[in-house]
Amino acid sequence: MNASIMNDFGFIRAAAASPRIKLADLAANTAEICRLIEEAAENEVSLIVFPEMSLLGTTCGDLLHRRSIREQTRAALEEIAAKTAETDITAIVGGPAAEGCRPDSCAYVISGGEIWGSASKKDRYPQYFKIGEAKVAIDFGLAADEPDSSISASILGGADIIADLSGAPTFSGAYETLKVSLAHQSSRLKAACIYAGPGFGESTGDHVFSGDCLIYEDGRLLAEGNRFQMESTITIADIDLEKLCNARMSSPEFQQALDLTDWTVEETEVCTETHSDFYSTLYRDIDSIPFLPKGSDEERSASLEETVTIQVMGLVSRLSHINCDSAVIGVSGGLDSTLAILVTAMAFDRLGWSRDRIIGVTMPGFGTTHRTKDNASDLMEALGITIREIPIKAACEQHFQDIGHDISNRDVTYENAQARERTQILMDISNECKGIVIGTGDLSELALGWATYNGDHMSMYGVNASVPKTLVMHLVGWIADHEFLEAAASGRKVKDILMDIIDTPISPELLPADENGDIAQVTEDLVGPYELHDFFLYNFVHYGYSPAKILFLADRAFSSLYETEVIRKWLRTFIWRFFSQQFKRSCLPDGPQTGKISLSPRGGWEMPSDAKCRTFLDELD
């Protein structure tokens, strides 16, 4: 694969280095910097950042101001430039001012055998250096936290990477504060931050230097070096420039800041191309299940609780606003309807309403199994809601006879008629009891259009509308662990029922069960694995990636589970269905947005129903 195609993925390989210092020994430090540049180049790094004053050591004090030091600095920079002439790398090296009478700390940008320019710690005018497709601004120790800093102006002027040359020592607690600051800074500016700090060899007369090397991207830690090493360290990560660009375009705050800025930013083009083989090695973790919360057990639990609470409070607000008497839910014994009924029960508890005002309706059809029916009934009984069972076989058979459809023909008409019959029952019951129908469909189904138009596609409030399939079971699991201690008359506790529902294969149960009475129609056999589709959805909608890039990332994220051609097959299915089924999303009921992605036509996702997917499929093919 040639470099131009690889670079279309929008990555640049970057490194933060902390060389072992010999104080005031320019020759030794220059040699070590050149060695690290060579090591980085062997790993196809395009940009490497060194700490402040890495040519001499940040603790040299007044020695930095000697004329001989300034003269030797120029020679050292030329030696480093000669080293870069042998590689495809740009180095940003910290050192004293090589000219003039002003004691200053500078960062020198060196590439292709040339010293392209420098940035001074005391300068306040904005500038950045263009390295391939990346635009790099230079900072000295988190100055970008200042709202009016030249770094902030450079970012608004187009820079997407901050090369942060630090000269700071460490002390207890400082490292965690640093990480929080870098995460905040990179998130606020929708930028990447390459932080390089001084390490072993600096004077420890008053402080210790830990050699901190960190690379962040839009609030996310990409790479973290080993601290307190006695030798030089180098930390590498692949930064996603496309992701940063898309994040800026979709950020109202960033766009507003662009509109208000009046800075003129100086740009220096250092090199036009970068060369890294991202296919062979990718220096970044790929999240195979991006919708799931990250962090410690406590952080994940708190995130799941917040998602459930958003669902609950959205429904509480709607119910109290319309002051209805009841809520009606079709309960199948599957995950989606289970989450919906749990959320509804929690909403009624918040309102102080009796749960018997919730009407759960089971509507066994041609494919309903004993397992799902029993789970649905036991769950409703344990929760103390009103249970109604209305079989739909006879009504569907009459309907097939009315429209002249052969009941042995188990096509889309056979399946959709059952879904629409169930929706009609729920709607009519809601009229009868002065209630509203609570929708159960989830975000993944909406993305694929895996819903019957004006069937399970329709409700009066969809509590699961922005909850993806890969998250539903975790929300149900969290509720099982933290809510509802009740049990059914059979003795089954709510938690036990929920655990069995989680273990049940996902199915619409519209086709008859197999000879053993088990589910015969498994959704993921038909449309593909939901873990893949949720990965596709997140990267297509949230990051705006192309199909080729999504395939590239998915192939690495799921390499142990699926062959490339299997991923390509289901990605093609996703693209075709996502475009062809937009008409269902164009008339969605109201529902709360719980995460980063919403497909609501009211500001969540705007796309015409007749948009064509040919361009995207051609790229994939």
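The questions and answers below concern a predicted model.

Reader: What is the mean pLDDT of the chain?
Author: Local features here need pLDDT of at least 70, side-chain atom pairs count only at 80 or more, and totals for chains, interfaces and linings use all residues. Residues are numbered from 1 along each chain as its sequence is written, and side-chain values use heavy atoms, without hydrogens and water. pLDDT is the predictor's confidence in each residue, from 0 to 100. In this chain 94% of residues reach 70 or more, and the mean is 91.

Reader: Which residues touch the most other members of the largest nonpolar core?
Author: A nonpolar core is a set of buried (under 20% relative accessible area, 1.4 Å probe, protein chains only) Ala, Val, Leu, Ile, Met, Phe, Trp, Tyr and Cys residues joined through side-chain atoms within 4.5 Å. The largest one has 48 residues, and those touching the most other members are Ile341, Leu342 and Leu379.

Reader: Which element gives the most to this core?
Author: Helices are DSSP runs of H or I with at least four residues, strands runs of E with at least two, numbered from the N terminus. Elements giving two or more residues include helix H8 (297-322), strand S14 (326-330) and helix H9 (335-351). With 10 residues, the one giving the most is H9.

Reader: Which residue caps the N-terminal end of H12?
Author: A side-chain oxygen lies 3.1 Å from the backbone nitrogen of threonine 413. That oxygen belongs to aspartate 411.

Terms used. Buried < 20%, exposed > 50% of the residue type's maximum accessible area, 1.4 Å probe, protein only. Polar contact = N/O pair within 3.5 Å; in protein donor to acceptor, adjacent residues only side chain to side chain.
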